[in-house]
Amino acid sequence: MTIYLDTHLDQKARRLRLYHGDVFVYSPRPTTTALTAFARQLIEDAFAPLTPEEAQHELPVERFVEIVAPLKPRFIHHRRTLELLRALLCDLSGDVEGTYFDVPRLRVATSHHYLDAGVAYPLHPHRDIWYGSPPCQLNWWLPVFPFESESSFAFHERYWNEPVPNSSHEYNHYHWNKTGRANAAKETKVDTRPQPKATGLLQLEPNVRVVCPPDGLVLFSGAHLHSTVPNTSGRTRFSIDFRTAHHDELVSVGGAPAIDRACTGTTLFELRRLSDLTPVPMDVIRLYDPNPPEDLDGVVYKPPVFTSSV
Ligand SMILES: [Fe+2]
């Protein structure tokens, strides 16, 4: 696995390397800084007068959840977020007709198991493609504040080529949208939402972690086995992530190897084209789900910023 910093490669060559497991890191640049700064402002407003990264030491966990639960959709569904995200992708992808993307998520990883469920669930080792994502999905990840190796996420590189026995056959993406997603804020102790997981023992060490400055960016394949590092930094980590897929690999069912994936349903209903926010064409979606549900209400996640503007 090679880690590229501020690559000179064009986006097509970059995609090919991403589908071989390489990782791309970018230094802060105006478009990443603009998106992260907006998230930072919303987070600071929500926690004021407390410092967001330190607030977990001041607040009962129920109050922390009360703050984070509305903060996440506020960021995700904000018109400004959508504008800034599209500007970032125009800058770093460039191919506005070929690139599809979804709305960003805001992740919260508290320190020392203060909150390990629901709105701050630390992701166990997983591949995103176990969750209904296409093998060509790319993950874009940006830290909002400075963070450490002890509050980062880890790549488990050896499993890039090695199948991991897992429970993805029990995961249906439409069922998840209907139940799991809606219940996140109710989970404050143990996360009970059924998620695809490795079913055997994993060798999680050694692993690779990338620490970049806030406003920097890490780009990697959704087929990588990765996990949230148990946060022992003493500070809550806030990060943004979103997904893209490119038309060329979508229509050829290309991308990274999908060596151990058995989920059903597809995330492709959630993506929009960068140029005009049109959805992924139905004939392309059928390549990933030959029998999509006839009634998409409730089983397909429709962020307001997409539904109101298309
Ligand atoms: Fe992930």
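1. In strand β10, the bridge partner of Y100 is A245. This is a predicted model, where local features need pLDDT of at least 70, side-chain atom pairs count only at pLDDT 80 or more, and totals for chains, interfaces and linings use all residues. Residues are numbered from 1 along each chain as its sequence is written, and side-chain values use heavy atoms, with hydrogens and water left out. Helices (H or I, at least four residues) and strands (E, at least two) are DSSP runs, numbered from the N terminus.

2. Which strands pair with β10? Start with β3 (residues 99-101), which pairs with β10 in the antiparallel sense over three bridges. Two strands pair if DSSP finds at least two bridges between them. β4 is also antiparallel to β10, over five bridges. There, L106 stands opposite I240. β5 pairs with β10 in the antiparallel sense too, over six bridges. There, W141 has D241 as its bridge partner.

3. Is β10 buried or exposed? Ten of its ten residues are buried, so β10 is largely enclosed by the rest of the structure. Buried means under 20% relative accessible area, exposed over 50%, and partly exposed in between (1.4 Å probe, protein chains only). Both faces are covered. One side carries R237, S239, D241, R243 and A245. The other carries F238, I240, F242, T244 and H246.

4. Now the metal. H126 (NE2), D128 (OD) and H226 (NE2) are the protein donors of the iron ion, lying 2.2 Å from it. Donors are N, O and S atoms within 2.8 Å of the metal (3.2 Å for Na, K and Ca); water is not among the atoms, so sites may look incomplete. The donor spacing in sequence is H-x1-D-x97-H. H126 sits in the loop between β4 (105-109) and β5 (138-143), while H226 is in strand β9 (residues 226-228). The pair is 100 residues apart and links distant parts of the chain. Both H126 and H226 are buried.

5. The structure holds one cavity of 30 Å³ or more. On a 1 Å grid over the protein atoms alone, a cavity is a set of points where a 1.4 Å probe fits but cannot get out; lining residues have an atom within 4 Å of a point. The largest cavity has a volume of about 70 Å³, that is, the space filled by probe spheres set on the points. α1 (11-18), β5 and β10 (237-246) each supply at least two lining residues. Among the lining residues are Q11, R14, L138, W140, T244 and A245.

Notes
On a 1 Å grid over the protein atoms alone, a cavity is a set of points where a 1.4 Å probe fits but cannot get out, and a pocket is an open set with protein on both sides within 12 Å along at least five of seven lines; lining residues have an atom within 4 Å of a point.
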